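Hi everyone, thanks for making time. Today I'd like to walk you through some aromatic pairs and the core around them.

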Amino acid sequence: MGFFQLRVLSFAGVFASTILAVSYKLYHLNNFKILMAFFGVVGLFFVFDLLPLLKGKWKTKEEFKGQPSLFQIFIYTLLPLIGCVPGLLLFGEIIPFFTLIEVFSVVVPLIWMCYLVRELDSIDLWEKFLFWLGVVTLLASGWGVIEYLGLKPSNFLSMGVGRAKSTFGNINYFAGFLVVIVPFFAQLFLSQMFELKKNFVIPQKFLGLVVFFGVLSLHMTKTRAALFSFYAVMGLSLIY
């Protein structure tokens, strides 16, 4: 079956059905993003809870060795929200904290992570999930590169753009995505290159392409904070 595993692709289907509704013109409407995020969670419940229950195939899945507990996932994912507490205490009268969009931006990924941990109950499924995450990263990065160079259909053979934003509609959103994802794939690539991990299902050449275009497009965003964070993380990873 290769990388086309139904359980993994089900996550992709739910995600795509909600995220594709957020266009360039609507990405800045927070209430609309909250609504689509809610629909995504409803989709997860429908696919992974309601359908199996109706078919009589619902069952508790066993955790594989080394898998973090849902409590650990809960604590790790809430850290960004917990990090807002000092700001609330110091500047609560000046800057609004814990707005609805801030809470949803943490709670919704938390729910997604809990579903991922529960449903992807083997290393093989996680590696296939990471492959498709790499495909998404490669497509987004490649689009950012051709946009920057002036090869995108809407700016073909022009002078390009000053800073790449790819399909994210916002430069900082794109840089934020890359600075989280690319260091992870860079570590996977290095672990394969130095044979620290064997029998990995994702080809090393594919990982190399993801890292190359990811780093290239990150530089094309010209976001200094993201670039600093990326190289700081990579430096700490190499030391580790």
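Let me start with a definition: rings of Phe, Tyr and Trp (its six-membered ring) pair if their centres lie within 6.5 Å, with planes under 30 degrees apart counted as stacked, over 60 as edge-to-face and the rest as tilted. With that rule, a search of the whole structure gives 13 aromatic pairs.

Take Phe11 and Trp112: their ring centres are 6.2 Å apart and their planes at 50 degrees, so this pair is tilted. Phe11 sits in helix α1 and Trp112 in helix α5, so the pair ties together parts that are 101 residues apart in sequence. Helices here are DSSP runs (H or I, at least four residues), numbered from the N terminus. Both Phe11 and Trp112 are buried, where buried means under 20% relative accessible area, exposed over 50% and partly exposed in between, with a 1.4 Å probe and protein chains only. These two also belong to one aromatic cluster with Phe15, Phe48 and Tyr115.

Next, Phe230 and Tyr231: with centres 4.9 Å apart and planes at 75 degrees, the pair is edge-to-face. Phe230 is buried at 5% relative accessibility, while Tyr231 is partly exposed at 45%.

Phe230 is also among the residues that Leu218 touches, along with Ala175, Leu178, Ala226 and Leu227, leaving out residues up to four places away in sequence. Contact here means heavy atoms within 4.5 Å.

A word on provenance: this is a predicted model, local features need pLDDT of at least 70, side-chain atom pairs count only at pLDDT 80 or more, and totals for chains, interfaces and linings use all residues. Residues are numbered from 1 along each chain as its sequence is written, and side-chain values use heavy atoms, leaving out hydrogens and water.

How values were computed. Helix = DSSP H or I, 4+ residues; strand = E, 2+ residues; numbered from the N terminus.
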